[in-house]
Each structure stands twice: as structure tokens, then as C-alpha cells.
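Here is a short tour to read alongside the structure. Keep the view open and turn to each spot as it comes up.

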Amino acid sequence: MLDEVAIVGVGQTKYERRKIGETFADLVFEVTNKALEDAGITIRDIDNVVTVSNDFQDGRTISSMAVMDACGAFGKNVSTVEGDGTLGALYGLMRVLSGAFETTLVVAHCKCSEGDQDLIWNSAFDPVYYRRLGLEAVSASALQARRYMDKYGVTGEQCALVPVKNHRNARANPWAQEAMDLTVEEVMRSPVLASPLKMLDAAPLSDGACAVIFANRWKAGRMTTKPVWVRGVGHCADAYYLGDRDLAGVDSLTGAAKRAYGLAGIVDPRKEIDVVEVFEAFGYQELMWLEGLGFCDPGQGGVFTAGGNTLMDGPWPVNPSGGVLSAHPGLVAGLVRIAEACLQVRGDAGARQVDGVRTALAHGTNGLCGQGHCVWVLGG
Amino acid sequence: MTDFQSGVEPMVYSGRIRMPYQWSAGETGSRFFTQLRDYGRIWGSRCRVCDLVFVPPRKVCGRCLNGIGEWIELPPAGVLQTFTVVYRHRPAIHPADPPFAYGIIRLDGADSGLIHLLGEIEPGEIVSGLRVQAVLKEKRERRGDILDIKYFKPFSA
């Protein structure tokens, strides 16, 4: 798959707690135009569109059809993914790889402020067996965090290093929602949501949208923007029922990474990847995902992070954008990781740019407690 | 043209989707819940190919995609694999006032964990690895759903 498809344009909104003045279609319109402008093209150059949305989040049946006008899909082939933005991007990529299309616009939107996230996440549980127990994303993730910390002896302080780092990184990202200077002590002292998870271990809720444009080699060569090539991609899913998995394990991420690395010809990610953007809805998840991606051994995510390896000036900067902990627009968040990795490869990441990036990794996750993962390797 | 949006009061429309459903429990779920309701028994299902016992029981093994026809009665006791004490107050979905605890319990003889509530234990006393047992509702109160098990409590012989 080497260098067959390039990302030629990206666009993001500012991520905010409550975008009271804009509809979700307004956000789609904004990022569609930003991505087209970034690519130096017009909507006439786009031959198909993939939208990413969730009907529960939008409070609307077939919500994707409601943003058709806003993303320029009128008269075009448009299809939708209900899942993380990395999966919408995967579908968009495949449409170009199939040869049937030359340029795909992928656009994701979510206004987490408009629905009730606990009710929406409770509805992710099986209605017959489990929903009446009242579980939601925070409680379920807390079960995973406890298991991970117990199994490997990872500490709350090690997990707290992630929000400290990511909120600090966010200060250099104009799109981020929560940029701040925090200490590990402040994270540890923040109110417990569901033990062991505390308020500052958790991502905020955000409203926002993101767009990414894929083009085949021929089209990419005719655009003004420096193409960022998709070197490899992999997706893999684990069991639905939480009790069927060892929640401290990262099998599906290991599987996804192996496929992406295989396509990209990457033997050792530590030697070949310069910057990483992961989907960490909670601090402990960044530690686990680094294990699954092969940057450290199972159970070593805490020690690896405490060693400064993932800081902006460390050997493998992780989430220079501030990550999902600094802005969590639901299923948009994975597409943001791709957009940010793309900017890093182009050298266009502004104040959050990591020096000398040749290869970047973007990661998204879908379902409860990292049931499914999608890994992207991008290069210049 | 002047910016026609400047100075406009943002309007917000409140609404609510009320959507009743009638979810079939299926053969497997129906058997699990009628056995729980009528006899207070917990059943799992065993995949003969993978030699794995699942609870809640299911009809198909996700690992090998073979149908599962074998039922296994499980004891109402097992080991706590992980837990959380919830401090958030969300009465719209949570079954109890905070603090209350969830756990994943591996029943003896099962290869998967059952998520449920923990009870009759102080939050500070809960640890992974604890032996726990199911506390069922009285038979007349049981309705054939997961809350026919009230919670799991520390095991007492």
C-alpha cells in the first residue's frame, strides 16, 4: 500500500465545551471549507464523501443525511460510518484504493454537549443482560483501570503523568479545549469519579468537527499541499462483553498495530516512528495503548512514561496536540489524531511541531474500554 | 453586507426522545433468565471447540463462530477480578446512590467474568481477588432480569 494514497488537506474547529451558537452542520461546513482551502482545491475536485456521525449523539435518525449540504455531498456519492473517525477515514481510504474514486472527503462531527453522555454510553451495553446495572463509560473504564493497575502494579501517579503532560502540550495547540499547567498532586487530589479514576484523569466533553481529504497518487501530485502518504493502516476488534476480555490486555491494539506496521514495512516502531497521537479518553489508556503499539513491554507503560520518553522533548513525543484529554469531541477524536499526525509530517503543526518528523502514528479506538483499535502510519 | 449574525441571541431547543423498545431475550437469554427467576440458578454455556465457559451464556462462540449447545450450571460464587466504587450521582441510570460498587466476577468454573454490583462490604475493604457470592432477591420479587441477583457479597461458608 506504500504511497498509493495521500492526505492532501485537513481542517479542524476549535474544540469547546458548548458551542451554543453553531449547529453540528455549521461545524461540518466550517471544517469542509478549511480542508478544501488547506488542499488548495474546491468541492468540484472531491468525487465522494464519507461522513462520520452517531444518531444518538445528534438526536436524529440517519443524522448523516442532515449534513449532506454542509459537506458538499449534494449530487455526489456519500456514505456514512457510525464509529470512531479513524474508521471513517479507513473507509475513505479504501474508496480511493479501490480505484473507483480519486478524492475522498472524510468529515466527522459531534456535539457532546447536546445529548446526555451517560445515557448514551449506558445504551452501549446489552439491553437484555447488562443495561439495567446502569454502567456507563466512566464506570466501565474504571473497571479497566483498576484491572490494569492491579495486574502490573501501575500507580495512580504514573497514570496522572499523562493528563499533566497532555494539558501542558495543549497550550501550544490553538484548537485544544483544556490547556493548563497541572501537577501530579493536583490530579491525585481531584474528586474521584469512579475509583481509581479521578476528575483530572478524564477527558472533558467537547463539541467540534474535523475533516481530512484523501487523494490518489495522480491527484495528489497536482495539488499544492505537500502530500502526506498513508504508509500503513490496521484495524482489529476484541470481544464485546467486558467480562470476556482481560481488560488489562491490549490484544486488539497489538493486532491492529501489527497489520499497520506490516504494510508500512516497520520492524521496530521505536526506531521508525517520530511522533505519536493516541486516543486516550483517560490517562491510564495512553499507558496501555503505548504497550499495544509496541513502544514498551506489557505493563511497562507507567515506567516508560515516568522516564520522560513521551514528553515533547523526549524520544517519542506522544500527543503533542494535547490529545483527547485536552479535547474530546466523541467520535471526531480519532480523525483529529490523523489530522494532527498529518500536520506533524508536513511540518505545519506550528508551536506544537516536533522537530524532524518523517513518520507519524495516529491511533483511534471504538467501543467500550478499547474494544476495537485503528492504527495509521503516515509519512512524507 | 453587514454580518447578519452579529448580536443575534443564540436559541437552544430542548427536546427528548422517548423510544419504547421490546427487546427479545432470545432462546439463550430466555433460558438464563427463567432459570434465574424460577430456581435461582445461574447458567453458563460452554464452547466445546474452544473449551470456554461463558457467562452470560451465549449461542455462538465469538472466538470460533461455532454454535454453543451445551449448558453448564455455575455455582453462585467466584472471584472478584476488578471493581470500581462509583461516586458520581446519576440517578437516571445508576441503580443506587453513591458510593456504590461494580465488580467483574469470575464464577467458579467460568472462563469469562460477570459484571454486577457489590454489596455488604465497605468501599475501602474491596480488593481484587476477593471471594464473593451472589445474593438473590426473594423468589416472589424476581422478575427474570439481571437484578434478580441483588449483588455479590464477600463469601461466607
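This is a predicted model: local features need pLDDT of at least 70, side-chain atom pairs count only at pLDDT 80 or more; totals for chains, interfaces and linings use all residues.

A residue is called buried if 20 or more other C-beta atoms lie within 10 Å of its own, and exposed if 12 or fewer do.

**Chain A as a whole**

- Chain A holds 14 helices and 11 strands.
- The C-alpha trace of chain A spans about 55 × 45 × 35 Å along its principal axes.
- Among contacts in chain A with a separation of 6 or more, 78% come from residues 24 or more positions apart.

**Two domains in chain A**

- Domain 1 covers 5–116 + 206–228 of chain A, and domain 2 covers 135–205 + 229–379.
- Between the C-alpha centres of domain 1 and domain 2 of chain A there are 23 Å.
- Where the two domains of chain A meet, domain 1 contributes 36 residues to the contact and domain 2 contributes 31 residues.
- On the side of domain 1 of chain A that touches domain 2, the elements giving two or more residues are strand 1 (5–12), helix 3 (85–97), strand 4 (103–111) and strand 7 (207–216).
- Helix 3 of chain A has the largest share of that side, with seven residues.
- By type, the residues on that side of domain 1 of chain A are 19 nonpolar, 11 polar and six charged.

**Where chain A meets chain B**

- The contact between the chains draws 32 residues from chain A and 34 residues from chain B.
- On the chain A side, at least two residues each come from helix 4 (117–122), helix 5 (137–152) and strand 5 (192–194).
- Helix 5 of chain A gives the most to this side, namely seven residues.
- The chain A side is made up of 18 nonpolar, seven polar and seven charged residues.

**Helix 14 of chain A**

- Helix 14 of chain A runs over residues 333–346 and has 14 residues.
- From first C-alpha to last, helix 14 of chain A reaches 20 Å, close to the 20 Å expected at 1.5 Å a residue.
- This helix of chain A is mostly covered, with 14 of its 14 residues buried.

**Backbone spots worth a look**

- Most residues other than glycine have a negative phi, and most peptide bonds are trans.
- A:Cys369 has a positive phi, near 55°, and sits in the loop between strand 10 (359–366) and strand 11 (372–379) of chain A.
- A:Cys369 counts as buried because it has 22 C-beta neighbours inside 10 Å.
- B:Asp51 also shows a positive phi near 55°, and its place is the loop between strand 1 (42–47) and strand 2 of chain B.
- Is B:Asp51 buried or exposed? B:Asp51 has 8 C-beta neighbours inside 10 Å, so it counts as exposed.
- The bond from A:Ser195 to A:Pro196 is a cis peptide bond with omega near 5°, and A:Pro196 lies in the loop between strand 5 and strand 6 (197–198) of chain A.
- In chain B, B:Val55 and B:Pro56 are joined by a cis peptide bond with omega about 0°, and B:Pro56 lies in the loop between strand 2 (52–54) and strand 3 (70–74) of chain B.

Notes
Residues are numbered from 1 along each chain as its sequence is written. Chains are lettered from A and ligands numbered from 1 in the order in which they are written. Helices (H or I, at least four residues) and strands (E, at least two) are DSSP runs, numbered from the N terminus. The expected span of a helix is 1.5 Å times one less than its number of residues. Domain bounds come from an automatic or database domain assignment. Two residues are in contact if their C-beta atoms, placed from the backbone, lie within 7 Å. Ala, Val, Leu, Ile, Met, Phe, Trp, Tyr, Cys and Pro count as nonpolar, Asp, Glu, Lys and Arg as charged, and the others, Gly among them, as polar.
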